[in-house]
Amino acid sequence: MGIRLSKPWESLDPLTIAALPAQLGVYQIADDGGNVLSVGYAGAKHPFGLRSALEQEIEFHGTEATHFRYEFTSNYRSRWDELLMLHLHDHGQLPDHQRDEEGRVGRLSPN
Amino acid sequence: MDFTLTEEQQMIVDTTRRFVQSEIVPLEEELDPDAGSLAVEDQDRLVAMTQSMGFYGLDIPEEYGGPGLNTTTRALMAIEMSQHRAGLYNPCYGVFGGAGLAQLYEATDTQKEQWLYPTLRGEKKGCFALTEPSGGSDPARAIQTRGFQDGDEWVLNGSKLYISGADKADYALVFARTSDDPGRNGVTAFIVDTDTPGFHVRRVVHTLRATHYATELQFDEMRVPQENILGEVNGGFAIANDRLSRQRIPYAAGCIGPAIRAQEMAIDWAKSRETFGSLLAEKQAIQWMIVDNEIDIRHARYCVLEAAQKADSGDRFRTEAAMAKLVATEASSRVVDRCIQIHGGVGVTKDLPLERWYRELRIRRVGEGPSEVQRLIMARDILGGSFK
């Protein structure tokens, strides 16, 4: 089983988000060039799961954030950490606004 | 046995209970229900508090600067420290400090300087790498990671599974087969720096426990200096086994806290929730569940304290520790299950901690030796060594 989030990117817009189920999960947010701007999770504190979390991302990033991809999972905390570690492994650092997490997350050396 | 607490024990229990209720539980109201850590500023503030209380580094032996609690007092604290949402696997979010890997207290002075003391100062973290994909309940026979000597070094190849904390560890205690003996006499313990070439954390292993995940490790031609061997060559299993026995008492005690808290929640709920014209507490079906909970909690507490007292008195306690682990994990699982049933729909939501305890307690019946292995240990002792 692959550990990377490799689903196709979708357009990050209110209509697409509104069509999502209000489930728990993890996601990545990207710009037009496919650069990942955020690795996040929708947890139990988000009233409508992924929908609420992605709405917050739009509010935070503004027009720079244009795409997203996601995965439903009730293990959103450990999966989120895994995605952060993968990002760190692949890019040497986390997205700018998540650099504070670098001291907390571990390290992976995936195959 | 007399389980009356001494004045000092009662004071410690009361202090710990107040700390959990006034400092930990309120913070959890704001955290994600599956959170495994506090905000850094809260963590630092609470560590300063436990240090000023003289309770920091609970499990550090007195000669290394720890508070010198006996096993009974430590078990009583474990019961209190786990009475919050994250308490089963992260009692009080670690603000009482850790003691590092117990095996390192048996290390050489040089090894202690390199790994133990920095761990006690909070500068390094270690992980315990025993279980493999080939099995964990019978590690002496299951270990397939191989080590062979090449001059002053050993070369290790193999993999480990369900290893907690490896992705953040500075070093790992790795057990490898180093002779043709297929059993416990062919295993050696190596202390391995995790930046050693060939040490790989391949993936996170997702389980019922959403935080404090496990990992899978792979070792490819990993070269470890001879001086990193802990204990004797081919004497590693005794080191691993000693840990497994000693861990069972606090491991069992920690299961009782969530059961106690769940029972308190269920009693409050039963006394306030009405159905069919009367309170839940007035219905025999609910009363019996509450009574069965109480029996389970008291039984588990008795077994844990009996094992702890035997350990403190210097007697053999292997059977009692195995019984405590078996009874506490299974009884607490039953209690939380019944409390969910009493709560109904809200019991299975993340609005309450019950669902998290329910998931995590299920792991406790497997981790640190499953119930069946505990029965095996007790059967050997009860039936006697000659019964084969």
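A residue counts as buried if 20 or more other C-beta atoms lie within 10 Å of its own, as exposed if 12 or fewer do, and as partly exposed in between, with C-beta atoms placed from the backbone. Of the 111 residues of chain A, 36% count as buried. The model is predicted: local features need pLDDT of at least 70, side-chain atom pairs count only at pLDDT 80 or more, and totals for chains, interfaces and linings use all residues. Residues are numbered from 1 along each chain as its sequence is written, while chains are lettered from A and ligands numbered from 1 in the order in which they are written.

Start with the outline of chain A. Its C-alpha atoms fill a box of roughly 35 × 30 × 25 Å, taken along the principal axes. A compact globule of 111 residues would have a radius of gyration near 13 Å, and chain A agrees, with 13 Å. That radius is taken over C-alpha atoms, and the globule rule is 2.2 Å times the number of residues to the power 0.38.

Next comes the fold. Chain A has three helices and four strands. Both are DSSP runs numbered from the N terminus: helices are H or I with at least four residues, strands E with at least two. Along the sequence the pattern reads β-α-β-β-α-β-α. Two residues are in contact if their C-beta atoms, placed from the backbone, lie within 7 Å. Of the contacts in chain A with a separation of 6 or more, 61% join residues 24 or more positions apart.

The UniProt annotation "domain: DUF7508", from an unreviewed entry, covers residues 4-88 of chain A. UniProt positions are given in the numbering used here, feature names are shortened, and annotations may be inferred rather than shown by experiment. Over residues 4-88 the chain is 36% helix and 25% strand, and the end C-alpha atoms are 12 Å apart.

Now look at helix 3 of chain A, residues 76-91. Its 16 residues should span 22 Å at 1.5 Å a residue, and the end C-alpha atoms agree, at 22 Å apart. The expected span is 1.5 Å times one less than the number of residues. Its buried residues include A:W80, A:L83, A:L84 and A:M85, but also A:R77, A:R79, A:D81 and A:E82. The buried residues pack against strand 2 (25-30) and strand 3 (36-42) of chain A, together with strand 6 (199-205) of chain B. After the helix comes A:G92, whose phi is positive, near 80°.

That packing leads to the interface. Here 17 residues of chain A are in contact with 16 residues of chain B. The chain A side divides into five nonpolar, six polar and six charged residues. Ala, Val, Leu, Ile, Met, Phe, Trp, Tyr, Cys and Pro count as nonpolar, Asp, Glu, Lys and Arg as charged, and the others, Gly among them, as polar.

Chain B is assigned domain 1 (7-101), domain 2 (126-230) and domain 3 (238-383), with bounds from an automatic or database domain assignment. The C-alpha centres of domains 1 and 3 lie 20 Å apart. In chain B, 18 residues of domain 1 are in contact with 22 residues of domain 3. The domain 1 side has eight nonpolar, six polar and four charged residues.

Two loops of chain B deserve a look. B:Y93 sits between helix 3 (71-81) and helix 4 (109-120). Its phi is near 55°, positive in a residue other than glycine. B:Y93 counts as buried because it has 21 C-beta neighbours inside 10 Å. B:E368 lies between helix 9 (354-364) and helix 10 (371-383). B:E368 also is not a glycine, yet has a positive phi of about 55°. With 18 other C-beta atoms within 10 Å, B:E368 is partly exposed.
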